[in-house]
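Thanks for asking me to look this one over. Here are my notes, in the order in which I would read them with the model open.

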Amino acid sequence: MPPTPRQLAICKAALFAACLWPLAQLVWLGWSDGLGANPIEFITRHLGTWTLNFLLITLAVTPLRHLSGWHWLIRLRRMLGLYVFFYALLHFLTYLWLDQFFDWMSIVKDIAKRPFITAGFTAFLLLIPLAATSNATMLKRLGGRRWTQLHRSVYAIAIIGVVHYWWLVKKDITLPLLYAVLLGALLGWRALRLAREQQRQLRAAIYENG
Amino acid sequence: MLIRRPNDIAPSEITPRALFEGRRDFIRSAGATVLFGAALAAGLPHRTWASGKFTDLQKSPYSVLETPNSFRDITTYNNFVEFGFGGKSQPAERAGAMKTHPWTVGIEGLVQKPRTLAIEDILKIAPLEERIYRLRCVEGWSMVIPWVGFPLAALIRQVEPLGSARYVGFITQMEPAAMPGLRLPYIDFPYTEGLRLDEALHPLTIMAVGLYGDVLPNQNGAPLRLVVPWKYGFKSGKSIVKIRFTDKPPRTSWNIAQPDEYGFYANVNPDVSHPRWSQEKERRIGEFFKRKTLPFNGYADLVAPLYAGMDLRKNY
């Protein structure tokens with residue numbers, strides 16, 4: 001039973017507010033002296049973690065839609081995707097502003113020489129065209145096929161994002177590994193479905209021709 | 001607007017400059033607070049001098065005049081991998097379970113008089129001093145810490161090293177029930193660190209037994225830890241149970257785990273990058289702007305002669 005337009009609007013508004021929770025947490029912790037001894041590190045990590053979280057949540061929409069039959073979930077995906085960009089942008093600005101304080105020399109050096117920063121920066125750059133083409137006008141202008149092709153780059157972005165996290169940690173790779181496994185499941189589900197679909201088409205073709 | 005720090009502070013000028021810069025830092029921090037709001041105010045030092053167990057501490061000419069970090073920052077932002085690799089707050093949350101009494105330290109290897117000393121006896125080896133030192137972590141942050149301790153040289157004299165002794169290894173306690181980190185496969189335990197004998201005998205090198213005039217909190221390496229202020233923090237082993245004199249460099253834990261990232265010397269050096277990040281700057285905990293990292297953590301005039309003629313890029 002798909003929701004009525006009114007229910008969907010409420011759903012969207014609630015999701016919009018819920019997605020601001022990680023940001024609200026930072027404001028609250030900042031207010032209540034809860035950011036720890038190294039607040040800039042805390043803020044950077046928190047925003048980075050939530051960028052990855054939203055990326056995985058966004059990638060979970062399609063599998064969830066198919067498994068549950070709730071096809072209206074697709075109507076929420078753009079907002080989730082834009083929140084990925086929102087938190088990635090905040091994460092990047094935190095690095096640029098709070099961490100490096102616009103020291104362009106050392107930023108350029110970091111991006112060129114530090115693999116984990118190269119990866120993070122690449123993922124951020126690749127997100128920009130997706131955010132820029134997220135509205136209906138751009139979808140129309142690009143045409144559905146090309147738009148879909150462009151937005152498939154999110155798979156690569158997600159992989160680069162997890163690699164960015166993996167390369168950053170010193171020794172304990174438990175959390176990056178968890179993200180890698182979850183991403184593997186989300187992408188694996190798609191690969192499996194694609195393979196099955198191709199097989200079905202092949203069989204259909206053989207049936208028709210035979 | 002970008003306020004630049006002077007980049008070349010001669011360490012010998014540190015005394016008058018430190019005061020002067022402390023003032024600048026305060027102004028800058030205050031400016032930053034106004035600019036960036038309450039979120040960052042959280043990071044400003046809370047200057048609360050605790051008075052505790054150790055009284056009549058000698059002041060030391062080796063102390064820096066910079067303002068120490070707050071007790072809270074020093075005791076809640078730690079690396080002590082026996083209590084986990086997963087975050088700076090883990091040691092403070094978990095180290096309380098470690099038993100630090102009774103405590104003995106075995107001193108062995110190439111010495112005339114190997115012995116096992118109880119912590120009570122160690123405390124009597126030399127008058128305790130307050131040593132306010134900079135600490136620079138290999139991860140790119142730094143603090144100023146008011147340790148209580150005594151020169152390691154005084155302890156070494158007690159055991160009379162043989163002529164063949166060239167290195168000293170420091171081995172950290174293993175208490176599996178209290179230390180979940182021991183079960184993780186990332187580095188070899190017991191945590192082992194080491195110095196060349198001349199580094200160990202240097203007057204800046206201390207065994208610390210206290211912090212802010214009181215006994216060391218467990219997460220800072222109670223009851224006894226090494227402090228070598230011109231080296232990255234991981235060289236300064238915590239909760240030491242064994243000190244071993246050898247003729248060859250001891251195999252040290254981080255060096256075994258990642259030799260390209262953690263050298264045996266690990267002298268603070270802005271010119272040698274960690275493979276994953278630059279070491280040119282550091283964030284002093286409590287400050288907004290990064291500082292330039294100084295060679296040998298600002299102690300170059302005292303320790304650079306130890307490395308005369310050595311290629312510090314190779315011997316990182």
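The points below go from the conventions to chain A, its helix pairs, and then chain B.

1. Conventions. This is a predicted model, in which local features need pLDDT of at least 70 and side-chain atom pairs count only at pLDDT 80 or more, while totals for chains, interfaces and linings use all residues. Residues are numbered from 1 along each chain as its sequence is written, with chains lettered from A and ligands numbered from 1 in the order in which they are written.

2. Chain A overall. Chain A has 10 helices and 0 strands, where helices (H or I, at least four residues) and strands (E, at least two) are DSSP runs numbered from the N terminus. Its C-alpha trace spans about 70 × 45 × 35 Å along the principal axes. Of its 210 residues, 22% count as buried; a residue is buried if 20 or more other C-beta atoms lie within 10 Å of its own, exposed if 12 or fewer, and partly exposed in between, with C-beta atoms placed from the backbone. Among the contacts in chain A with a separation of 6 or more, 65% come from residues 24 or more positions apart. Two residues are in contact here if their C-beta atoms, placed from the backbone, lie within 7 Å.

3. Helix α1(A). The expected span is 1.5 Å times one less than the number of residues. The number of buried residues in α1(A) is 0, so this helix lies largely in the open.

4. Helix α4(A). Helix α4 of chain A (residues 77-99) has 23 residues and reaches 31 Å between its first and last C-alpha, close to the 33 Å expected. Its buried residues include A:G81, A:V84, A:A88 and A:F92. What do the buried residues of α4(A) pack against? Their partners are α1 (5-19), α3 (39-68) and α6 (115-132) of chain A. Just after the helix, A:F101 takes a positive phi of about 45°, a spot worth a look on your screen.

5. α4(A) against α6(A). These two helices pack at an angle of about 140°, with their axes 10 Å apart. Axes are lines fitted to C-alpha atoms, for helices over the stretch in contact, and angles run from 0 to 180 degrees between N-to-C directions. The pair is therefore oblique: angles under 35 degrees count as roughly parallel, over 145 as roughly antiparallel, 65 to 115 as roughly perpendicular and the rest as oblique. On the α4(A) side, the contact is made by A:G81, A:L82, A:V84, A:F85, A:A88 and A:F92, and on the α6(A) side by A:F124, A:L127, A:L130 and A:A131. By class, that contact has 9 nonpolar, 1 polar and no charged residues. Ala, Val, Leu, Ile, Met, Phe, Trp, Tyr, Cys and Pro count as nonpolar, Asp, Glu, Lys and Arg as charged, and the others, Gly among them, as polar.

6. α9(A) against α10(A). Helix α9 of chain A (residues 153-168) and α10(A) pack at about 165°, with their axes 9 Å apart. That makes the two roughly antiparallel. Contributors to the contact include A:Y155, A:I159 and A:W166 of α9(A), with A:Y179, A:L183 and A:L187 among those of α10(A). The contact residues divide into 11 nonpolar, no polar and no charged.

7. A:L177. This residue lies in α10 (residues 174-209) of chain A. Is A:L177 buried or partly exposed? With 14 other C-beta atoms within 10 Å, A:L177 is partly exposed. Its C-alpha is 9.5 Å from that of A:Y165, 12 residues apart along the chain.

8. Chain B and the interface. Chain B has 9 helices and 12 strands, and 43% of its 316 residues count as buried. In the interface, 21 residues of chain B are in contact with 17 residues of chain A. On the chain B side, α2(B) gives the most, with 3 residues. The residues of that side divide into 13 nonpolar, 5 polar and 3 charged.

9. B:G233. This glycine is found in the loop between β9 (225-227) and β10 (240-246) of chain B. With 23 C-beta neighbours inside 10 Å, B:G233 counts as buried. Leaving aside neighbours within four places in sequence, B:G233 is in contact with B:N79, B:L135, B:R136, B:C137 and B:V138.
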